[in-house]
Amino acid sequence: MPHSSELVRSWLQRLYWYTSWFGGAALALSQLWTGSETAQLLAVAYLVITSLAFLLTQPYPQWAPVAHLSLALGLLIWALQQPGALVPGWNQEMVLYTGATLATLGLLVLGIFGGLWVMLGGLVLLVALVPHPAAGPYWVVWPLWALGGLVGVAVFRAIGRLEAAQQELSRVALQDRQTGLSTRLALEADYQRYQALARRSDQPLLFSYWLLSTSSPDDQLLQELAQLMREALRQGDGLYRIDEDHFCGLHIGLLSGHELTERLSQRFASARVVWVACNGLSLEEALRQAQELLYRSPRRPTQLLAATPKA
């Protein structure tokens, strides 16, 4: 399930491209028939860069809007430097103030998608290259450009902080703090993947279920148990903590769990472990079979070896 930050970023990207196509491209197409020669050239250039940038959305979804908007602002600067009005009936001053409004919006979006330095680069270029009337307080738009860009940067950083918080929450949700093992949530996410890998490779998939029979296991004991399990198992096996004193593992291609059971019994005499061949079983079925074996079996792990399945 996608994180909310991914949904926000995806929504902003879709909104940008909808605006670029249905707004900008529609305006550009209208200029091809009714605009001046400069406006027609500008329209063709906009349609070309929009099409090329849109092709980059699949491999580079984050940077395609930045590249497109940077080129669009470059076209805007070039258009404002051309002599004569782009729109019939508009004087040069009206065109410049309209361009300044579009530049504010452009810097806002640059800040949202590119962050502070991209926005500052766009701001410097606009201040340096956009012409302004000989009279009138045109310089007032420069702080407005900066304000619009800073709002975009604030949105960019807010999304970044949201992503960092979600990554931390995911780490906490998927990794047990006391043992460093994966959690029940991670087990639910991994189980189908292990089933698919075992099915494709035509290997057995064993499900181990552990009970650490201790009244109140402390952090050191839990960490020692987790370390022992890691050392006894192979790379690629999954280890999970289900609750306070229950653990489980997923093991593809493991021929027998005897070695791990023996090593566990030497250090934790009160611990209990059972094994279930779970190929084709759902997680609920594997857990139910493991619990039935565990709670009707003798208490010492050395007495459970006969119940350990062999492939």
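Which residues form a nonpolar patch on the surface? The model is predicted.

**The whole chain**

Begin with the entire protein chain in a cartoon display. Ten helices and five strands make up its secondary structure. Of the 311 residues in the chain, 43% are buried. Among contacts with a separation of 6 or more, 71% join residues 24 or more positions apart. Switch to a surface display next: the accessible surface comes to about 16,900 Å², and carbon and sulfur atoms hold 63% of that area.

**The nonpolar patch**

Select Val127, Trp139, Val140, Trp142, Leu144, Leu147 and Val151. These residues form the nonpolar patch, and together they have about 630 Å² of accessible area. Helix α6, residues 141–174, supplies the largest share of the patch, with four residues. Now centre the view on Val140, which is found in the loop between α5 (116–129) and α6. Val140 has a relative accessible area of 36% and is therefore partly exposed.

Keep helix α6 in view and turn to the charged side chains. The structure holds three salt bridges. For one of them, select Arg9 and Glu163, whose side chains meet at 2.9 Å, N to O. This pair links distant parts of the chain: Arg9 lies in helix α1 (residues 4–34) and Glu163 in helix α6, 154 residues apart. Are the two partners buried or exposed? Arg9 counts as buried, because its relative accessibility is 16%, below the 20% cut-off. Glu163, in contrast, is partly exposed, with a relative accessible area of 25%.

An α-helix has 3.6 residues a turn, so residues three or four places apart point the same way. Asp190 counts as buried at 18% relative accessibility, whereas Arg193 counts as partly exposed at 43%.

**Helix α10 and its buried side**

The last stop is helix α10, residues 283–295. This helix has 13 residues and spans 18 Å from its first C-alpha to its last, close to the 18 Å expected at 1.5 Å a residue. Which residues of α10 are buried? Select Leu283, Ala286, Leu287, Ala290 and Leu294 to see them. They lie on the same side of α10, because they cover an arc of only 95° around the axis.

Finally, display the neighbouring elements. The buried residues of α10 pack against helix α7, and also against the strands β2 (205–212), β4 (246–252) and β5 (271–277).

Notes
Residues numbered from 1 in each chain as written. Predicted model: local features only at pLDDT ≥ 70, side-chain atom pairs only at ≥ 80, totals over all residues. Heavy atoms only, no water. Helix = DSSP H or I, 4+ residues; strand = E, 2+ residues; numbered from the N terminus. Buried < 20%, exposed > 50% of the residue type's maximum accessible area, 1.4 Å probe, protein only. Contact = heavy atoms within 4.5 Å. Areas by Shrake-Rupley, 256 points an atom, 1.4 Å probe, with all protein chains shown as cover. Patch = residues over 30% accessible without salt bridge, like charges linked within 9 Å, V, L, I, M, F, W, Y side chains within 5 Å. Salt bridge = Lys/Arg side-chain N within 4 Å of Asp/Glu carboxyl O. Expected span 1.5 Å × (residues − 1). Arc of directions from axis to C-beta.
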